[in-house]
Amino acid sequence: MVRPYTVSLDLYRGAAYTPHARTNTQVLAESELDACSLAERNLNTQLADIEYAAATGARPIWDPQPTAPLALAA
């Protein structure tokens, strides 16, 4: 099932050990791994030649599973 994810990405320049920037992006994917891969690929095409993005995590925006009903007091 395809659902939206928010992916956190670190941006690196050259052979740096620490990121110079961080960003979040939203993608539609089937799993967290697919979301990370898709977000990296999309952002890497927009960056300069010496920069690259590395995903650090993905969170679903909404969970499609129904919630349990709450008991109401009379």
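Colleague: Hi! Which residues does Val 7 touch, not counting residues up to four places away in sequence?
Modeller: In this predicted model, Val 7 touches Thr 23, Asn 24, Thr 25 and Val 27, then Ala 35, Cys 36 and Ala 39, and also Ala 55, Gly 57 and Ala 58.

Colleague: Where is the place of Val 7?
Modeller: Val 7 sits in strand β1. One of its contacts is Cys 36; the two C-alpha atoms are separated by 6.3 Å, although the residues are 29 apart along the chain.

Colleague: Is Val 7 buried or exposed?
Modeller: Val 7 has a relative accessible area of 0%, so it counts as buried.

Colleague: And which residues have the most contacts inside the largest nonpolar core?
Modeller: Those are Tyr 5, Val 7 and Ala 35, in a core of 13 residues. Strands β1 (3–13), β2 (21–29) and β3 (51–60) each give two or more residues to this core, and so does helix α1 (32–44). As a general point, nonpolar side chains in soluble globular proteins tend to be buried together.

Colleague: Let me step back a bit. What pattern does the protein follow along the sequence?
Modeller: The order is β-β-α-β, with 1 helix and 3 strands in the protein.

Colleague: How much of the protein counts as buried?
Modeller: Of its 74 residues, 26% count as buried. The accessible surface comes to about 5,600 Å², and 54% of that belongs to carbon and sulfur atoms.

Colleague: What share of the contacts with a separation of 6 or more comes from residues 24 or more positions apart?
Modeller: That share is 60%.

Colleague: New topic: charges. How many salt bridges are there?
Modeller: The count comes to 2. In one of them, the side chains of Asp 10 and Arg 22 meet at 2.8 Å, N to O. This pair links strand β1, which holds Asp 10, with strand β2, which holds Arg 22, and the two residues are 12 apart.

Colleague: Why does Asp 10 count as buried?
Modeller: Because its relative accessible area is 8%, and the cut-off for buried is under 20%. Arg 22 counts as exposed, at 65% relative accessibility.

Colleague: What else is Asp 10 in contact with, leaving aside its neighbours within four places in sequence?
Modeller: Besides Arg 22, Asp 10 is in contact with Pro 19, Ala 21, Tyr 52, Ala 53, Ala 54 and Thr 56.

Colleague: OK, which side chains meet in the salt bridge with Glu 51?
Modeller: There, the side chain of Glu 51 meets that of Arg 13 at 2.8 Å, N to O. Glu 51 is buried, with a relative accessible area of 17%, whereas Arg 13 is partly exposed at 44%. In general, side chains of opposite charge can pair when their charged atoms come close.

Colleague: Last one, aromatics! How many aromatic pairs does a search of the whole structure find?
Modeller: The search finds 1. The ring centres of Tyr 12 and Tyr 52 are 5.4 Å apart and their planes are at 15 degrees, so the pair is stacked. Tyr 12 lies in strand β1 and Tyr 52 in strand β3, 40 residues apart, so the pair links distant parts of the chain.

Colleague: Are those two tyrosines buried or partly exposed?
Modeller: Tyr 12 is buried, with a relative accessible area of 14%. Tyr 52 is partly exposed, at 37%.

How values were computed. Residues numbered from 1 in each chain as written. Predicted model: local features only at pLDDT ≥ 70, side-chain atom pairs only at ≥ 80, totals over all residues. Heavy atoms only, no water. Core = buried A, V, L, I, M, F, W, Y, C linked by side-chain atoms within 4.5 Å. Buried < 20%, exposed > 50% of the residue type's maximum accessible area, 1.4 Å probe, protein only. Helix = DSSP H or I, 4+ residues; strand = E, 2+ residues; numbered from the N terminus. Contact = heavy atoms within 4.5 Å. Areas by Shrake-Rupley, 256 points an atom, 1.4 Å probe, with all protein chains shown as cover. Phe/Tyr/Trp six-rings, centres within 6.5 Å; stacked < 30°, edge-to-face > 60°. Salt bridge = Lys/Arg side-chain N within 4 Å of Asp/Glu carboxyl O.
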